[in-house]
Amino acid sequence: MATEASFTIESAGGPRTVRLAYERRGAGEPLLLLHGIGHHWQAWEPVLSILAADRDVIAVDLPGFGDSPALPEGVAYDLAGVVPILDAFCRHLGVERPHVAGNSLGGLLALDLAREKRVRSVTALSPAGFWSEAERRYAFGTLLAMRAGARALPVPAIERLSRSAAGRAALTSTIYARPGRRSPEAVVAETLALRDAAGFRETLEAGRSVLFRDDIQELPVTIAWGVRDRLLVRRQGVRAKQVLPRARLVRLPGCGHVPMNDDPALVARVILDGSR
């Protein structure tokens, strides 16, 4: 059962209370894990035990996702709104400048935390923000279709589909290269997380004009891309390397958009190497 942190931030409308759910395991240097849009902290479950052997791992449900409620009125879901919240969350936990790893939306947030020099190092797995306009429209259209599908299916149908490898592929093959490896329980939980995400629409809308175009010069940066990523295609990794020429660019063979489930050992090694 995840823990909940409640803390106050300053906004244009005055002080606001934000609540975030998170899972914390292990010991060592702090490592913050940020999931993608429509997901929850459990996306990191396949690598948590490996990472926790060397790090104080904090996997958080982003605002409006998983068990974290929607943001208070007047607080935006864009980078300018969410990045300070993540920084305040870490300080609330007594963590100063953690290492950070993020996937997709979480990768974009991780890079922006690094740009603001609020972290020690960053590992971004298929981060958002390096798309062409056509690639962005494709990705957003796919995400909207996934969300519509999750909302259209009754829970018994989701549970029934998750019991077979073919059903798990139907529900999750857009983000996993090896959906059959995901447990039925995990597929049900993440399909419901996508269906019920209170911050989905606002987060997607905030991303329409996002392009990450700032070099990060003073921190270690790793960009890793799944070779079989069907949502943010891998040529965006080359584009990311052009924007961040000092970054280490790593290919993840056999991995899709959410690579932690496809090859946990490889992804954990990439994150640990990036945070050393």
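Me: How many cavities of 30 Å³ or more does a search of the whole structure find?
Reply: One, in this predicted model. About 290 Å³ of space lies in that largest cavity.

Me: What makes that space a cavity and not a pocket?
Reply: A cavity is a set of points where a 1.4 Å probe fits but cannot get out, whereas a pocket is an open set.

Me: Which residues line the largest cavity?
Reply: There are 25 of them, and Ile37, Leu105, Leu108, Thr203 and Gly207 sit closest to its centre. Helices α2 (79–92), α3 (105–115), α4 and α8 (200–206) each give two or more residues to that lining. By class, you get 20 nonpolar, four polar and one charged.

Me: And what about the largest pocket, how many residues line it?
Reply: It has 22 lining residues, with Met146, Leu171, Thr172, Ile175 and Leu194 nearest the centre. The pocket holds about 350 Å³ of space. Its lining splits into 11 nonpolar, 10 polar and one charged. α4 (133–152), α6 (165–172) and α7 (184–196) each supply at least two residues, and α4 gives the most, with four.

Me: Why is α5 called oblique to α6?
Reply: Helix α5 (residues 155–162) and α6 pack at about 120 degrees, their axes 6 Å apart. Roughly perpendicular stops at 115 and roughly antiparallel needs over 145, so α5 counts as oblique to α6.

Me: Which residues make that contact?
Reply: Ile158, Leu161 and Ser162 from α5 meet Gly167, Arg168 and Leu171 from α6. That's three nonpolar, two polar and one charged.

Key: Residues numbered from 1 in each chain as written. Predicted model: local features only at pLDDT ≥ 70, side-chain atom pairs only at ≥ 80, totals over all residues. Heavy atoms only, no water. 1 Å grid on protein atoms, 1.4 Å probe; cavity = no way out; pocket = protein on both sides within 12 Å on 5 of 7 lines; lining within 4 Å. Points joined across faces, edges and corners; volume = space filled by probe spheres on them. Nonpolar A, V, L, I, M, F, W, Y, C, P; charged D, E, K, R; others polar. Axes fitted to C-alpha atoms, helices over the stretch in contact; angles between N-to-C directions. Parallel < 35°, antiparallel > 145°, perpendicular 65-115°, else oblique. Contact = heavy atoms within 4.5 Å.
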